[in-house]
Amino acid sequence: MTTTTFNALLSTQIGNEFTASQQYIAVATWFANQDLPQLARYFFRQSVEERNHAMMMVQYMLDRDIPFSIPGVPAVRTDFAKVTEPLALALQQEKEVTRNIEDLFRAARAENDALGEQFMLWFLKEQVEEVASMTTLLNIAERADNLFDIENFIARETVGDGGRDANAPEAAGGAL
């Protein structure tokens, strides 16, 4: 198969998803060190979800016999001054991923790659949920009287915790 803009962008996005996974581990660890176990657990789960997204893309590339390599992961941010900083970073990251997924969808459409376009539809839907969840968490954190209000909110609500989506693409090696 020839290299296309879509294939090149998807290969890059695999690295972006692994980077997001690492960033969420750093965020989760920071929350754990702040004795905020609900936020820590939430971001550890988000890390696994981002890893699974990368592996879905890997499986797609394998299934389509598209040559690619797994890019390295750059250093991630590990230190924050207040609870809203990692949440704002997560929201910014999700908005960037949304732009990347939109670019992938447009590239597939421009190249008349119906399979690529169809593959990206699930990720577009997923990004609506991700941005909404991170927006909610940041809003709650900005309004909270104390950090335990955020912890209670996460324990009580199912923010971004829809469980395994039966319509999700297959992840290489199986989803965690």
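**Exercise 1.** Find which residues of the largest nonpolar core touch the most other members.

Solution. Start with the rule: a nonpolar core is a set of buried Ala, Val, Leu, Ile, Met, Phe, Trp, Tyr and Cys residues joined through side-chain atoms within 4.5 Å. Buried means under 20% relative accessible area, with a 1.4 Å probe and protein chains only. The largest such core has 25 residues, and those touching the most other members are Phe-31, Leu-39, Phe-43, Leu-87, Met-134, Leu-137 and Ile-150. Next, the helices (DSSP runs of H or I, at least four residues, numbered from the N terminus): H1 (5-33), H2 (37-63), H3 (84-110), H4 and H5 (147-156) each supply at least two residues of this core. H4 gives the largest share, six residues. A second, separate core of 23 residues includes Phe-6, Ile-14, Met-55 and Phe-119.

A quick note on the source: this is a predicted model, where local features need pLDDT of at least 70 and side-chain atom pairs pLDDT 80 or more, while totals for chains, interfaces and linings use all residues. Residues are numbered from 1 along each chain as its sequence is written, and side-chain values use heavy atoms, leaving out hydrogens and water.

**Exercise 2.** Work out what surrounds Glu-130.

Solution. Then list its contacts (heavy atoms within 4.5 Å): leaving aside neighbours within four places in sequence, they are Gln-46, Glu-49, Glu-50 and Glu-94. Finally, check charge: Glu-130 is buried but has no salt bridge (a Lys or Arg side-chain nitrogen within 4 Å of an Asp or Glu carboxyl oxygen). The nearest side chain of opposite charge, Lys-125, is 10 Å away, counting Lys and Arg as positive, Asp and Glu as negative, and leaving out His and the chain ends.

Technical notes. Buried < 20%, exposed > 50% of the residue type's maximum accessible area, 1.4 Å probe, protein only.
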